[in-house]
There are 4 protein chains.
Amino acid sequence: MNRSLRFARLFAGSALIAALAAAASPGPTVGSSPWGPDDEIGQLNRMTDASRLAVLSRIGSGRAYDLSVEYYMGMPSWSEIGDPRYQFWLTHTPRGTTIDDPLRVGADQNATVSYTGDAVSMYTHMGTHIDALNHFGLNGRIWNGFEADRHLGDRGWKKAGAETVPPIVARGVLIDVAGAKGLEMLPDWYRVTAADLKQALAVQNTRLEPGDVVLIRTGRMQRYGSATQFIANPPGLGLDAARFLVEESQAMTLGADNLSFETFPSEVDGNWIPVHTYLLAQHGVMIMELVYLEELARERIYEFAFIGGSLKFRGASAGPMRPIAFPLR
Amino acid sequence: MNRSLRFARLFAGSALIAALAAAASPGPTVGSSPWGPDDEIGQLNRMTDASRLAVLSRIGSGRAYDLSVEYYMGMPSWSEIGDPRYQFWLTHTPRGTTIDDPLRVGADQNATVSYTGDAVSMYTHMGTHIDALNHFGLNGRIWNGFEADRHLGDRGWKKAGAETVPPIVARGVLIDVAGAKGLEMLPDWYRVTAADLKQALAVQNTRLEPGDVVLIRTGRMQRYGSATQFIANPPGLGLDAARFLVEESQAMTLGADNLSFETFPSEVDGNWIPVHTYLLAQHGVMIMELVYLEELARERIYEFAFIGGSLKFRGASAGPMRPIAFPLR
Amino acid sequence: MNRSLRFARLFAGSALIAALAAAASPGPTVGSSPWGPDDEIGQLNRMTDASRLAVLSRIGSGRAYDLSVEYYMGMPSWSEIGDPRYQFWLTHTPRGTTIDDPLRVGADQNATVSYTGDAVSMYTHMGTHIDALNHFGLNGRIWNGFEADRHLGDRGWKKAGAETVPPIVARGVLIDVAGAKGLEMLPDWYRVTAADLKQALAVQNTRLEPGDVVLIRTGRMQRYGSATQFIANPPGLGLDAARFLVEESQAMTLGADNLSFETFPSEVDGNWIPVHTYLLAQHGVMIMELVYLEELARERIYEFAFIGGSLKFRGASAGPMRPIAFPLR
Amino acid sequence: MNRSLRFARLFAGSALIAALAAAASPGPTVGSSPWGPDDEIGQLNRMTDASRLAVLSRIGSGRAYDLSVEYYMGMPSWSEIGDPRYQFWLTHTPRGTTIDDPLRVGADQNATVSYTGDAVSMYTHMGTHIDALNHFGLNGRIWNGFEADRHLGDRGWKKAGAETVPPIVARGVLIDVAGAKGLEMLPDWYRVTAADLKQALAVQNTRLEPGDVVLIRTGRMQRYGSATQFIANPPGLGLDAARFLVEESQAMTLGADNLSFETFPSEVDGNWIPVHTYLLAQHGVMIMELVYLEELARERIYEFAFIGGSLKFRGASAGPMRPIAFPLR
């Protein structure tokens, strides 16, 4: 069975959850923003100058934990259904410029300045990144009711694109689910539950607060060096875990160390990616993926100032980012 | 005269500066790192946990000034000699997925989840970014003596690539050269001198400190919406301004709001881009370009905590970034 | 005035042609194929084994005239509104592979085999190419009534894509409009009329036959080496010239040596590109652009066997090709 | 074992062939062209107006056999070591243009003309294509002694690039090795020998002539719809088969229906791809890959006029093409 077929079965063959199926009769609808009809960033509206200053003021160490991964040829990515893999190429090299002389300055001068230039191409959901609220919708609409037919051009969305995502500065919390279970890594296809999260929080002795950036560690990042192993059969979050974080704990943004945040196959009939639609389209909660949490976990730093700004790709459904964490006092 | 020719003349037709020409007899050589033969990041080695904590502790406001620009189709970039312009394209759309059904989940399910995905390709020196130390060298070597013939493969440099650049957290200083002169924007081709910098610092009543991230405002950013106007005849720094910042003021990293930091034509015979080779190859000082400084300038915020992490494109000569600034107490 | 604006005015500011405006009341509609509801190739259906053999049998010389242009960095292309320019990059080089060793065979073996590999990216309407019938439609439909909403996915059209275009083998005719006027090149923005075509045919003493591939020479190809000059203010065909070729002369396929076949601004109110919609959508006639006709013109070869197969990019709106011509007996 | 490792072992773990090893002491060297020091196309120099006319004059049927494959997302390609997979994307769509209005002509006019545009990116050795003589060399040089250090810039080779390859018009011969053995497809990793070729020629009752385009059928093309299956463990030619074709039979150009022409692991120690270096670098014989031969084989058409022109990508190591075949009298 080729991979594409295998994925298809996973996505399509999801178990029915009665409650959701019932609710789905008229079909779930996208969330309407409490911040008004023009809102494009959902829960990130909660950030204020005061909230940012509050967490910055609590920084207790100047050690910067790098929460991002490298981009490299062959890196893990979501390429199964055609999305481009990461490409890197050189546009200028010291030797090449002496031969091409693109600026017509002569071989000597090219040799002197030894120019290196390069280019990349990539799917936007690659490496450490944040999903914008337009990434998944429901029935042609995204968060706050913006419609594809009115707002999606050939150059992306006129609404809720990656350029609207503000820099995120907030209290960050790591929930090391794998660590709390004494595992190096959650098993293949493991679906993280609300109970798992609560247990880990208890083990860590960490309390969630409204407005947190909550980062879930599955341990999968240890395989980042091998695309095949990283992508295969990933553990991830389930719907009730997402609900616990959003509805009960009032998290502002979520993230995890795996490729797709949630796991598969879907728990919801007729929706192959229900955690994404729940978070992005229904609740206005952005999702970070491929967040590097190994160092924080190793040093048991569960609470920190999270600081990260994603690239402002106009109209895009995601922005790559390189967030950092500073331990709090 | 077409643009390529025009550029060629600018680069080639530089005035001879006697002192440098003399020094150039044996040719300038790349700098040797005081941080040892393995060093790939030059002056960024100055950052320590203590230096970071010092500046973070002085943050006096939670207002985050966004120092980055948007990526958009048609954006200004260095494409004159073949480098790719920014491209953005959709790989999945709500309507398209119902027709293609790439996951074989059926039209209904595709309609339900309304998937948007997208991809980009870009020259790495596009949008707000930082040049890695391998971007320009001298005679086949880069900072600290790494050689193209030994360390430059088809996938970039094995040394000093963008993935080695640490997150930058330091005191930032804006030198608003245009503002100090009472200008909206420096004139075309204006070459900023050390005297200009000193005057602006005096007007602003700002003092540079060793280890600063120094950002120069030419005002050119006001034209960012038009690639043609932004790129044409840019003002930029001259060599003695760079020397003042690096040798006299001990800046750690430099940046500006224009495309190429320095201006053209070169002041140095036989080197069309001497400020870059001086900073990157000889002194290990990285350069940020296309930094958005308008808001800081408008509010006369000349001193701030600079926080920015660039994307870790392995082996690349630059990394895009989205830095932010917080006013200090 | 920047280029984009200039183009916009050209396209929008077209003169009203009364007859067409009248006809446009209900709006023109796409053509319905005489070859049935499944037809995707329009007039190319006219080719038969017999028609091909007939022309092949008349070949009188083994000299192959190359009707295609080179692809090179900086080549002319339609990039004004965001389409990617031609990019070429190296993925493997003799020196690079010895450093990267992507196959893990060791530096010696890499040095021995001296591998060069490369990649390209391009807009499909670049270099010598043929427009598929899906390139322009009318009101959401293309030739033969196929609808964007039903047949256009994220990976292109399910109907009338470039992969459906058969190899073209037919009698070819060059109409050297510039030559017949004793000009090196038609003036900027010159709109070729039916009268111009008739005059040139008379001067050449050439007769059109039903099923011909008719190639129009404006002389613009002489500027191919400079993208700026090639693209600027191009001469091209007008609507009555197209009608003469299609309705009166029964041409099977048309082509020209310029970028866009027709010229601008449009003659038709409310349609910035009426020759394309007339040919592709209404009459099922494909269009070749950037055809190299200089050599044929120089040697006054006006009649020939045209042989050309375009690349089968699935779902695409054009396919690049390298046609050749052999003089007939 | 991941694929990359698997490939590495295949390439590195080749059996030693005594004769070659002996010859390899000083190392094999690239061929020197009998057509002079400027020659960049090797054996293709054999074509003349007379040779082309001779074969064209023998065409006995107007049925055009299409020898090319489609380009599609997910198509088989050599992507194991980083080369880009085929990407196709839309740059303009009927709905998208009404929303983006890139030409500023208004939504109505965009709706009227229903514009579709698209772009591709690809490794040049993808789909039906021909390898230029610069694709593989020996010790830093390619056919006729051109050196990478002198002739390879950042934009490809100044010598022997794909733009130098003339249109190929010659007698074509199909050797259906799989068919002659009564097989649908040669087994995995099967290495075609000279004896296999002779047997097939005998079974077919076909005679090779000097200057032929010889196309070898392994049957692998039947798996073209599945990249994984097409690429895996491909049968291909061995060195003695190549020698038989080139030295004994005086073929002008070779081709096959698989991805890499030859099979692996290599027969030659220290050279993972010896058939390529033998043909391209030592003998100036270009290689076509992914040639579609199923229809010819099915109809037992072993002799034909081969007509094909490859795209002129300047400096590139290959050019895609869409050759056709006409049966001879």
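Visitor: How much area is buried between chain C and chain D?

Guide: About 8,000 Å², with carbon and sulfur atoms giving 61% of that. Buried area here is the accessible area (1.4 Å probe) that two parts lose on being put together, summed over both. Leu103(C), Lys312(C) and Arg322(C) supply 10% of what chain C buries against chain D, more than any other three residues. Keep in mind that this is a predicted model: local features need pLDDT of at least 70, side-chain atom pairs count only at pLDDT 80 or more, and totals for chains, interfaces and linings use all residues. Residues are numbered from 1 along each chain as its sequence is written, chains are lettered from A and ligands numbered from 1 in the order in which they are written, and side-chain values use heavy atoms, leaving out hydrogens and water.

Visitor: Why is Arg322(C) called buried?

Guide: Buried means under 20% relative accessible area, exposed over 50%, and partly exposed in between (1.4 Å probe, protein chains only). Arg322(C) has 5% relative accessibility, so it counts as buried.

Visitor: What does the side chain of Arg322(C) reach at 2.6 Å?

Guide: The backbone oxygen of Val165(D). A polar atom of the Arg322(C) side chain also lies 2.9 Å from the backbone oxygen of Ser310(D). A polar contact is a pair of N or O atoms within 3.5 Å; within protein, one must be able to donate a hydrogen and the other to accept it, and residues adjacent in sequence count only if both atoms are side-chain atoms. Between chain C and chain D, 54 residue pairs are in polar contact (both at pLDDT 80 or more).

Visitor: What makes Lys312(C) and Asp66(D) a salt bridge?

Guide: The rule wants a side-chain nitrogen of Lys or Arg within 4 Å of a carboxyl oxygen of Asp or Glu. For Lys312(C) and Asp66(D), the closest N and O atoms are 2.9 Å apart, and a salt bridge it is. The rule finds 6 salt bridges across the interface of chain C and chain D.

Visitor: How do you know that strand 3 of chain C pairs with strand 3 of chain D?

Guide: Two strands pair if DSSP finds at least two bridges between them. Here there are 5 bridges, in the antiparallel sense.

How values were computed:
Helix = DSSP H or I, 4+ residues; strand = E, 2+ residues; numbered from the N terminus.
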